[in-house]
Amino acid sequence: MKSFTKIIPLLVTLLTCAFLLIPIIQSVLAGLTVNYFRGLSSGVTLKWIGEVWMLYSGSIFLSVGLALACLIVTLVLGVPAAYALARNPGRASRVLEEFISLPLAIPGLALALALLQLYGGWTEFRTSWLFILVGHVLYTLPFMVRSVLSVLAAIDLKTLEEGAASLGAGPARRFIDIVVPNAMPGILAGALTVVTLSIGEFNLTWMLHVPYLKTLPVGLADSYASMRLEVASAYTLVFFVMIVPLLMAMQWASARAQRIMQ
């Protein structure tokens with residue numbers, strides 16, 4: 001009976017992995033075959049990947065640039081915000097935290113519609129990549145704040161700061177030398193979430209983009225709607241080649257930071 005109860009979780013895990021991975025593998029293989037309907041028997045080619053790069057390289061660079069810009073903005077805004085909330089616990093801080101997290105409770109399409117109503121009349125801003133960046137920051141900032149705040153709430157921040165202040169460290173010095181190093185696991189976890197969400201975000205971006213500003217997910221939807229299935233599948237392969245190493249690298253950095261802190 002004990003061995004049977006151990007096998008059940010393993011089987012469920014394997015079935016779940018198969019359910020997720022088999023469609024992904026099939027899509028990737030479709031992007032490498034000469035003809036999807038004939039399968040691998042038609043031959044293997046990199047032609048479709050070349051077409052994806054020719055047609056959508058701008059989307060790839062735009063998504064990477066947006067993700068990096070979104071990460072920088074959320075770091076600049078989110079880490080000090082989390083520090084302020086951790087430094088001043090109370091009802092007002094909880095209300096402010098819920099206000100920051102409000103975009104998570106609003107559908108992306110509704111958030112995009114609100115931005116369009118507010119800034120749609122500013123033509124230069126509306127047609128700029130900065131408009132999409134604003135939407136991405138609103139959507140991802142709560143993840144950065146909550147990740148950093150959860151780490152700061154788990155340490156005796158007040159005692160650490162008092163010790164640094166007794167040695168003559170000012171507020172800025174305490175933030176850089178005490179708060180940031182101790183919050184690094186949360187910062188890295190938040191950075192991982194922000195970058196992956198920004199690169200993969202579709203609903204909000206689809207409403208905010210203009211025809212010449214397509215991100216990776218919007219370009220992927222466009223390729224499935226208007227291109228051969230092989231091109232769309234090759235686009236999926238390019239997407240995974242970009243996102244998977246990034247996820248692995250950031251997870252490694254997060255795990256390393258946690259080991260250093262311990």
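**Exercise 1. Which residues of H8 and H9 meet, and how do the two helices pack?**

Step 1. In this contact, Leu157, Leu160, Glu161, Ala164 and Ala165 of H8 touch Arg174, Ile178, Val179 and Asn182 of H9. The model is predicted.

Step 2. Sort these residues by class. The contact of H8 with H9 holds six nonpolar, one polar and two charged residues.

Step 3. Take the geometry. H8 and helix H9 (residues 171-182) pack at about 150°, and their axes lie 10 Å apart. H8 is therefore roughly antiparallel to H9, because angles over 145 degrees fall in that class.

Step 4. H8 passes H9 in a right-handed crossing.

**Exercise 2. At what angle do H7 and H10 pack, and which residues make the contact?**

Step 1. Locate the helices. H7 covers residues 129-153 and H10 covers residues 184-200.

Step 2. Read the angle and the spacing. The angle is about 160°, with the axes 8 Å apart. H7 and H10 are therefore roughly antiparallel to each other.

Step 3. H7 passes H10 in a right-handed sense.

Step 4. List the contact. H7 supplies His136, Tyr139, Thr140, Phe143, Met144, Ser147, Val148 and Val151. From H10 come Pro185, Gly186, Ile187, Ala189, Gly190, Ala191, Thr193, Val194, Leu197 and Ser198.

Step 5. Classify. The contact of H7 with H10 has eleven nonpolar and seven polar residues, with no charged ones.

**Exercise 3. Which residues of H2 and H10 meet, and what classes do they belong to?**

Step 1. Start with the geometry. H2 and H10 pack at about 145°, with axes 9 Å apart. H2 passes H10 in a right-handed crossing.

Step 2. Name the partners. On H2 they are Ser63, Leu66, Ala67, Cys70, Leu71, Thr74, Leu75 and Val79. On H10 they are Ile187, Ala191, Val194, Val195, Ser198 and Ile199.

Step 3. Sort them. By class, the contact of H2 with H10 has eleven nonpolar, three polar and no charged residues.

Step 4. Look back at the H7 contact.

**Exercise 4. What volume does the largest pocket have, and which elements line it?**

Step 1. State the volume. The largest pocket has about 240 Å³.

Step 2. Find the lining. It consists of 14 residues, and Leu85, Ala86, Arg87, Pro89 and Ala153 lie nearest the centre of the pocket.

Step 3. Assign elements. Helix H2 (47-87), helix H3 (91-100), H7 and helix H8 (157-166) each give two or more residues to the lining.

Step 4. Sort by class. The lining of the largest pocket has eight nonpolar, two polar and four charged residues.

**Exercise 5. How many helices and strands does the protein chain have, and what does its C-alpha trace span?**

Step 1. Count the elements. The protein chain has 13 helices and zero strands.

Step 2. Write the order. Along the sequence the pattern is α-α-α-α-α-α-α-α-α-α-α-α-α.

Step 3. The C-alpha trace spans about 75 × 65 × 30 Å along its principal axes.

Terms used: Residues are numbered from 1 along each chain as its sequence is written. This is a predicted model: local features need pLDDT of at least 70, side-chain atom pairs count only at pLDDT 80 or more; totals for chains, interfaces and linings use all residues. Side-chain values use heavy atoms; hydrogens and water are left out. Axes are lines fitted to C-alpha atoms, for helices over the stretch in contact, and angles run from 0 to 180 degrees between N-to-C directions. Helices (H or I, at least four residues) and strands (E, at least two) are DSSP runs, numbered from the N terminus. Angles under 35 degrees count as roughly parallel, over 145 as roughly antiparallel, 65 to 115 as roughly perpendicular and the rest as oblique. A crossing is left-handed if the near helix is turned anticlockwise from the far one by less than a right angle, and right-handed if clockwise. Contact means heavy atoms within 4.5 Å. Ala, Val, Leu, Ile, Met, Phe, Trp, Tyr, Cys and Pro count as nonpolar, Asp, Glu, Lys and Arg as charged, and the others, Gly among them, as polar. On a 1 Å grid over the protein atoms alone, a cavity is a set of points where a 1.4 Å probe fits but cannot get out, and a pocket is an open set with protein on both sides within 12 Å along at least five of seven lines; lining residues have an atom within 4 Å of a point. Grid points are joined across faces, edges and corners, and a volume is the space filled by probe spheres set on the points.
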